[in-house]
Amino acid sequence: MNANAASAVMPAFKVDVPIPKPPCELSIEEKQHYRQRVKQQLVAHNAVLVAHYYTDPEIQTLAEETGGCVADSLEMARFGAEHSADTLIVAGVKFMGETAKILSPEKRILMPTLDATCSLDLGCPEKEFAEFCDAHPDRVVVVYANTSAAVKARADYVVTSSIAVELIEHLDSLGKKIIWAPDRHLGRYVKQQTHADVLLWQGECVVHDEFNAKALLQAKAIFPEAAILVHPESPASVVKLADAVGSTSQLIKAAKSLPNKQLIVATDKGIFYKMQQQVPEKELIIAPTAGEGATCRSCAHCPWMKMNSLVALAEAFDIKSAEKVNEIHVEESVRLKALIPLNRMLEFSRTLSA
Ligand code: SF4
C-alpha cells in the first residue's frame with residue numbers, strides 16, 4: 001500500500017470467515033461431570049480461571065466458584081498479571097490469551113480453544129495495518145485491545161472501551177493526531193466525544209454491528225419505560241437511541257444507577273449473567289438485531305466466545321496429543337514490543353482511578 005492509497009478512506013474491512021458451529025448441548029449429568037473435572041484440574045495445576053463477561057453463564061459461574069474472575073478485558077489482564085497461580089486459563093478469545101501472556105510471560109496461559117478469535121482481530125492484519133501506520137508517521141497509533149500481539153507491537157497505546165474516551169482526550173490535549181484501530185464504530189464514537197483528530201481503521205464486531213435502530217425503536221414502543229443501554233461498538237444510529245453508552249463494566253454500573261425497571265441491552269447477551277446479579281429486581285431485554293432475514297451472526301452472542309464450552313475447558317489441560325495444544329505462545333521480540341503500549345494502557349488507567 002503506498003502513501004496515497006493509505007490516505008484514502010479505508011474501506012470497511014469485512015471479515016468473511018466461517019462462523020463456528022455452537023458446541024453440543026450437554027445433559028445435566030454431563031455438565032456436572034465436566035464442572036467437577038475443571039475444578040479438579042484447576043487445583044491440580046495451580047491454575048485460575050479468568051473469564052470474560054461474554055462467555056456462557058456456566059463458565060462465568062465456574063470462574064466465580066473457583067476463585068477466578070469474570071470481567072472485561074482490561075480487568076482480566078490486571079487480575080491475571082497480579083494472581084499468584086502458575087497457570088491462567090483464559091476463557092475468552094485469542095487476543096485475551098495473548099494479552100495475558102504478554103503481561104505474564106512466566107505463567108502458562110491455556111485457553112479452552114485457540115480457534116476462538118474475534119472479527120476485529122481478524123479484520124486488522126499485521127501487514128496491512130503496519131502499511132497504514134507507515135503512511136501516517138505523524139500520528140500516534142492507538143489500538144483497541146481486540147487485536148493480535150503483532151498489531152499491538154506496532155502501536156503506541158493499547159486501549160479498552162472502558163478508558164478509550166479518556167485516553168484519546170488526553171492525547172488530544174497534548175496536541176497529538178491519532179490513528180485508531182480496528183473498530184470503526186467505537187472509533188467514530190470516541191472521535192465524536194473528544195473532537196480529536198482521529199483517523200479510523202474500518203473494522204467491526206460481527207455481534208455489535210448487527211444491532212438495528214429500527215428494530216430497537218420497535219422494542220422501545222413495546223417497553224416504553226425501558227432504558228436503552230448500548231455498547232459503542234454498535235452502529236451510530238443505535239448509539240443515538242441510548243440512555244447509557246459504555247463498556248461492559250460501565251453498562252453494568254449504568255444498569256444499577258438508572259431508575260428504570262426494564263433495560264434493553266445492546267451488547268453480547270453473555271453480560272446478562274453479571275448484570276442480573278447486580279440488578280435482580282430488573283427485567284433485562286436483549287436489544288433486537290437485524291430481525292427478519294438476519295443471519296446466524298444476529299443472535300447477540302459472539303460465536304467465538306461461545307466456543308468456550310465446558311468440554312473445551314475441561315480438555316484444555318490435556319495437552320498430551322500434538323493436535324490438542326491449547327497453550328498461548330507469543331514470540332519474545334513481539335511480546336517485548338507489545339508490552340510497551342499495554343503497560344502504557346495500565347499506567348493510564350491507574351492515573352484515572354487514582
Ligand atoms: S463480541 Fe465482537 S468484539 Fe467481542 S470477541 Fe466477539 S467478535 Fe470480537
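Me: What is the strand order in the open sheet of 4 strands?
Reply: Strands here are DSSP runs of E, at least two residues long, and helices are runs of H or I, at least four, numbered from the N terminus. Two strands pair if DSSP finds at least two bridges between them. In this case the order is 10-9-11-12, with parallel pairing. Strand 10 (244–245) and strand 12 (283–286) are the edges, each pairing on one side only. This is a predicted model, where local features need pLDDT of at least 70, side-chain atom pairs count only at pLDDT 80 or more, and totals for chains, interfaces and linings use all residues. Residues are numbered from 1 along each chain as its sequence is written.

Me: How many bridges join strand 9 to strand 10?
Reply: There are 2, and strand 9 (residues 227–230) runs parallel to strand 10. Val230 has Val245 in strand 10 as its bridge partner.

Me: Is Cys205 buried or exposed?
Reply: Count other C-beta atoms within 10 Å of the residue's own, all placed from the backbone: 20 or more is buried, 12 or fewer exposed, in between partly exposed. Cys205 is buried because 25 lie within 10 Å. This cysteine, Cys205, is in the loop between strand 8 (198–200) and helix 11 (213–222).
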